[in-house]
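Let's walk through this protein model together, one part at a time. Keep the sequence and the 3D view side by side as you read.

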Amino acid sequence: MLNRKLITCIGLLLVLSHCDTKKRYEDNIANSMFCHSFAICNGQTPARVGIIGDSWTDYALGLEIVETLRTRLENDHGYQFAGATLGGRTLSAAVGQGLQFQVIDEAGADIKTIIISLGGNDLQANIAEFVGNVDAVQASRFAKIRTDLKHMVQTGNAYKLSKFGGQPITWIIHGYDYPNPYMNVVRGNSGCKTLFDQVGLNVPDAAIFARDQLDGLNNTFLSIANEEPTLLYVDLRRTLFGPPSSQAEFMTDCIHPNNLGYKLLADRFALTIYPITNIGR
């Protein structure tokens with residue numbers, strides 16, 4: 001299923017096509033969107049580092065409405081990505097679309113590292129399914145995340161080696177910091193108490209429930225990294241002064257940091273992965 005933002009953008013392009021607007025302008029918008037969101041660019045974009053991500057790396061189709069983790073890494077730490085980042089994306093969808101192959105193709109033979117910013121939407125989608133069955137649904141989703149992440153890493157490395165030779169890619173997946181479920185809804189309502197209430201998910205304390213889910217997801221990433229020799233996990237929890245919740249002054253909404261929050265996260269992340277990427281600090 002197409003992401004809602006992608007449908008909106010395509011709709012915008014269709015409108016523009018009927019306006020007195022130069023085709024070059026339309027093409028530039030389309031090319032920019034597909035390059036940023038799907039690593040489908042106008043020719044190869046040589047890069048040593050790729051990125052595949054969700055709304056923590058793309059809040060609005062590449063528009064810097066919020067300076068996300070990707071934007072902060074590019075602007076503050078000198079990263080130049082071959083990337084496929086799109087708000088709302090799931091790990092499952094990224095694997096299904098073969099984005100690991102697309103990023104490798106776009107980056108070319110120099111690709112050394114791919115950053116993964118995915119998994120949160122896989123856990124939080126269709127929150128109504130948790131009603132009356134939290135433990136079983138959560139376990140099922142963690143198992144699917146495990147399968148999909150391993151598949152991305154293993155098939156990505158096999159593809160890179162078959163096409164370019166050399167060494168396998170080093171994959172880096174970061175965990176998410178704690179949500180703040182009691183905040184007002186700004187963009188969507190995943191992870192917000194308002195959604196829990198709407199679907200009838202009654203939990204004694206939404207902050208504790210969200211914290212435990214987030215810890216479970218991070219622990220899953222760590223477990224997979226311990227099994228996959230080319231996968232590194234980076235823990236970003238407690239950057240925004242949780243648990244149980246990240247502080248509101250660093251958040252845009254229930255699950256998305258604001259500009260300052262992303263700056264703190266990017267600074268910590270860049271410092272942690274510097275020995276691998278040798279880019280920025």
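What follows goes from confidence to the sheet, then to its helices, and ends with some backbone details.

Please bear in mind that this is a predicted model. The protein chain has a mean pLDDT of 88, and 84% of its residues reach 70 or more. Two stretches call for caution. Residues 12–19 have a pLDDT below 50, and this stretch makes eight contacts in the model beyond near neighbours in sequence. For residues 21–26 the pLDDT is also below 50, and there the model has six contacts beyond near neighbours in sequence.

Now to the sheet. In which order do the five strands of the open sheet run? The order is E2-E1-E3-E4-E5, and the pairing is parallel. Strand E2 (81–85) and strand E5 (231–234) form the edges, each pairing on one side only. On average, neighbouring strands of this sheet are turned by 15° against each other, with direction ignored.

Let's zoom in on one pair of strands. Strand E1, residues 49–53, pairs with strand E3, residues 113–117, in the parallel sense over five bridges. If you look for a place to start, Ile52 stands opposite Ile116 in E3.

Helices pack on this sheet as well. Helix H3 (residues 69–77) touches E1, E2, E3 and strand E4 (170–174), and its direction makes about 165° with that of E2. Helix H7, which covers residues 134–164, packs on the sheet too, touching E1, E3, E4 and E5. The direction of H7 makes about 160° with that of E4.

Helix H9 is worth a look for its geometry. With 22 residues (206–227), H9 reaches 32 Å from its first C-alpha to its last, close to the 32 Å expected at 1.5 Å a residue. At the start of H9, a side-chain oxygen of Asp205 comes to within 2.9 Å of the backbone nitrogen of Ala207.

Next, follow the chain to the end of helix H10. Leaving aside neighbours within four places in sequence, the contacts of Thr277 are Arg48, Val49, Tyr79 and Thr113.

Asn278 sits in the segment after H10. The phi of Asn278 is positive, about 55°, although this residue is not a glycine. Asn278 counts as exposed because its relative accessibility is 52%, and exposed means over 50%.

Ala39 also has a positive phi of about 55° without being a glycine. You will find Ala39 in the loop between helix H2 (23–38) and E1. Ala39 has a relative accessible area of 0%, so it is buried.

Finally, let's turn to the peptide bonds. Where is Pro243 found? Pro243 belongs to the loop between E5 and helix H10 (259–277), and the peptide bond from Gly242 to Pro243 is cis, with omega near 0°. Pro244 lies in the loop between E5 and H10. The peptide bond from Pro243 to Pro244 is cis, with omega near 5°.

Definitions and conventions. Residues are numbered from 1 along each chain as its sequence is written. This is a predicted model: local features need pLDDT of at least 70, side-chain atom pairs count only at pLDDT 80 or more; totals for chains, interfaces and linings use all residues. Side-chain values use heavy atoms; hydrogens and water are left out. Helices (H or I, at least four residues) and strands (E, at least two) are DSSP runs, numbered from the N terminus. The expected span of a helix is 1.5 Å times one less than its number of residues. A polar contact is a pair of N or O atoms within 3.5 Å; within protein, one must be able to donate a hydrogen and the other to accept it, and residues adjacent in sequence count only if both atoms are side-chain atoms. Two strands pair if DSSP finds at least two bridges between them. Axes are lines fitted to C-alpha atoms, for helices over the stretch in contact, and angles run from 0 to 180 degrees between N-to-C directions. Contact means heavy atoms within 4.5 Å. Buried means under 20% relative accessible area, exposed over 50%, partly exposed in between (1.4 Å probe, protein chains only). pLDDT is the predictor's confidence in each residue, from 0 to 100.
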